[in-house]
Amino acid sequence: MRFDIFTLFPEVFPSYLDASILHRAQEMGHLQVEVHNIRDWAKDKHQVTDEPPYGGGGGMVMKPEPIFAAVEDILGQPPECPVVLMTPQGELLDQDKADNLSKYPRLALIAGHYEGIDERVREHLVTDEISIGDYVLTGGELPALVLIDALTRLIPGVLGDPQAAANDSHASGLLEGPHYTRPEDFRGWKVPEILRSGHHARIERWRRNQALRRTSERRPDLLASFPLTDEDQKYLDSLNEKDV
Ligand code: ADE
């Protein structure tokens, strides 16, 4: 998968992209990221990329010309792939949205900054608007990295264990249960006996129950739309009985 990022702050990307799984994904040829500095397409003497808003008010607004020029130069006119604007006004990113976007071989990401971006960019260049949560950051750079991270780990071959992405919290519609590793006893806190029993079917059932329990405690909204089996329902009922 290839990402073309359009930003005024290209220097923030390498440290995250050059570490861990994203780094390996690039080495293995699963991921390609090109970072483009919008300022390079600002053709006036001072390379201005933002100006005060028409109508007054505070803050600066990103100008349309350098953004259009950058995106069209790199991706053609009209652009050959979706052009995603990272904005708190966008559609909320969740695992389903990440799954859908990860099917594209190429995405362009525009990281907005300052008070905002000229509306004509939204109307005539951008095809999708994505928010990573109901809070406002100083720019779209971190959201772009969040999106790249969430999508890259879904590309087949990126995670060592092909089951890993399928088992994630949210992938199945449930939150994951607890994980343990060595030592078996840490400060007197022991790993649950069942996980050391070697009894795979029982371990699977235990994990499922833990996931159900955690989801019902933390995200009952997710459980409401989850297809529960009879066994799941029985387990959840047994939890509720204990509460009474
Ligand atoms: N830019 C600023 N805040 C943002 C958010 N929450 N999501 C996406 N882009 C943003």
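Modeller: Val-83 stands opposite Ala-108 in β6. Strands here are DSSP runs of E with at least two residues and helices are runs of H or I with at least four, both numbered from the N terminus. The model is predicted, with local features needing pLDDT of at least 70 and side-chain atom pairs counting only at pLDDT 80 or more, while totals for chains, interfaces and linings use all residues. Residues are numbered from 1 along each chain as its sequence is written, and side-chain values use heavy atoms, with hydrogens and water left out.

Strand β5 (residues 83–92) is joined to β6 by four bridges, and the two run parallel; strands count as paired if DSSP finds at least two bridges between them. Both belong to an open sheet of five strands, ordered β2-β1-β6-β5-β8, with parallel pairing. Its edges are β2 (32–37) and β8 (128–131), each of which pairs on one side only. On average, neighbouring strands of this sheet are turned by 35 degrees against each other, direction ignored; axes are lines fitted to C-alpha atoms, for helices over the stretch in contact, and angles run from 0 to 180 degrees between N-to-C directions.

Within this sheet, β1 pairs with β2 in the parallel sense over six bridges, and Thr-7 stands opposite Asn-37 in β2. β1 also pairs with β6, again in the parallel sense, over five bridges, with Phe-3 opposite Leu-107 in β6. Five of the six residues of β1 are buried, so this strand is largely enclosed by the rest of the structure. Buried means under 20% relative accessible area, exposed over 50%, and partly exposed in between, with a 1.4 Å probe and protein chains only. Helix α3 (residues 64–75) lies across β1 (2–7), β2, β5 and β6, and runs at about 160 degrees to β1.

Ser-102 is buried, with a relative accessible area of 18%. Leaving aside residues up to four places away in sequence, Ser-102 touches Met-1, Leu-151 and Leu-154, where contact means heavy atoms within 4.5 Å.

β5 and β8 also take part in the ligand site, each supplying at least two residues of the shell. The largest share comes from β5, with three residues. The residues around the ligand include Met-86, Thr-87, Pro-88, Ile-130 and Ser-131; a residue is near a molecule if one of its heavy atoms lies within 4 Å of it. Ligand nitrogen atoms are found 3.2 Å from a polar backbone atom of Gly-133, 2.8 Å from one of Tyr-135 and 3.0 Å from one of Leu-137. Taken alone, the ligand exposes 260 Å², of which the protein buries 97%; accessible areas come from the Shrake-Rupley method with a 1.4 Å probe.

There is also an open sheet of three strands, in the order β3-β4-β7, with mixed pairing. β3 (50–51) and β7 (116–117) are its edge strands, each pairing on one side only. Strand β4 (residues 61–62) pairs with β7 in the parallel sense over two bridges, and Met-62 stands opposite Ile-117 in β7.

Conventions: Polar contact = N/O pair within 3.5 Å; in protein donor to acceptor, adjacent residues only side chain to side chain.
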